[in-house]
Amino acid sequence: NASVVSGLPPVNGVLGNATLAFSDGKLTSTQTKSVNISAANAVTKVPVTNPSYVLTLAPTTGDISGTFTHTDGTKPAYKGKIIQKGANGGAYGYFLTASPKVIDGTGESGGVSLNHK
């Protein structure tokens with residue numbers, strides 16, 4: 001009766017019970033998104049009409065994945081792994097910026113984290 005993301009408070013329809021954060025990777029600032037994750041691992045956006053991200057949990061493998069709207073207007077995919085134990089419980093991963101039209105080494109990676117509120 002508990003989500004694979006440890007330490008989550010009860011679902012909160014106004015604030016969410018977890019924060020999905022994106023940083024670095026040519027973002028102009030850290031992007032944070034509120035989300036609810038139920039004890040059955042069902043993901044609900046807060047607000048539910050927010051089109052700026054998709055979050056998928058795979059409880060059997062501990063994977064998170066999805067897409068988000070970057071500050072440059074692109075929609076990069078991200079991937080991560082859930083860590084259940086210890087002080088840093090949550091999920092951590094990465095995204096890659098869009099490949100430049102001319103491959104010149106200017107692409108970057110950024111970080112993604114999913115943590116309880």
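Five bridges join β1 to β2, and the two strands run antiparallel. That pairing belongs to a predicted model in which the protein has eight strands and zero helices. Read along the sequence, the pattern is simply β-β-β-β-β-β-β-β. With a radius of gyration of 14 Å, close to the 13 Å that the globule rule gives for 117 residues, the protein is as compact as a globular protein of that length.

**The sheet**

- The eight strands form an open sheet with antiparallel pairing, in the order β3-β2-β1-β8-β7-β6-β5-β4.
- β3 and β4 are the edge strands, each pairing on one side only.
- On average, neighbouring strands of this sheet are turned by 25° against each other, if you ignore direction.

**Who pairs with whom**

- Thr67 stands opposite Ala77 in β6.

**Hairpin turns**

- The hairpin of β1 and β2 has six residues between its strands, and Gly25 takes a positive phi near 55° there.
- In the hairpin of β2 and β3, five residues sit between the strands, and the positive phi, near 70°, belongs to Asn41.

**The nonpolar core**

- The largest nonpolar core counts 20 residues.
- Leu20, Phe22, Leu55, Ile64, Tyr78 and Leu114 are the ones with the most contacts inside this core.
- At least two core residues come from each of β1 (18-24), β2 (31-37), β4 (53-58), β5 (63-68), β6 (77-83), β7 (90-96) and β8 (109-116).

**The salt bridge**

- Searching the whole structure turns up one salt bridge.
- The side chains involved are those of Asp63 and Lys81, at 2.6 Å from N to O.
- Asp63 lies in strand β5 and Lys81 in strand β6, so the pair ties together parts that are 18 residues apart in sequence.
- Neither end is buried, if you take under 20% relative accessible area as the cut-off: Asp63 is partly exposed at 29%, and Lys81 is partly exposed at 42%.

**Overall numbers**

- Along the principal axes, the C-alpha atoms fill a box of roughly 50 × 30 × 20 Å.
- Of the 117 residues, 36% are buried.
- Take the contacts between residues at least 6 apart in sequence: 42% of them join residues at least 24 apart.

Technical notes
Residues are numbered from 1 along each chain as its sequence is written. This is a predicted model: local features need pLDDT of at least 70, side-chain atom pairs count only at pLDDT 80 or more; totals for chains, interfaces and linings use all residues. Side-chain values use heavy atoms; hydrogens and water are left out. A nonpolar core is a set of buried Ala, Val, Leu, Ile, Met, Phe, Trp, Tyr and Cys residues joined through side-chain atoms within 4.5 Å. Buried means under 20% relative accessible area, exposed over 50%, partly exposed in between (1.4 Å probe, protein chains only). Helices (H or I, at least four residues) and strands (E, at least two) are DSSP runs, numbered from the N terminus. A salt bridge is a side-chain nitrogen of Lys or Arg within 4 Å of a carboxyl oxygen of Asp or Glu. Two strands pair if DSSP finds at least two bridges between them. Axes are lines fitted to C-alpha atoms, for helices over the stretch in contact, and angles run from 0 to 180 degrees between N-to-C directions. The radius of gyration is taken over C-alpha atoms; the globule rule is 2.2 Å times the number of residues to the power 0.38. Contact means heavy atoms within 4.5 Å.
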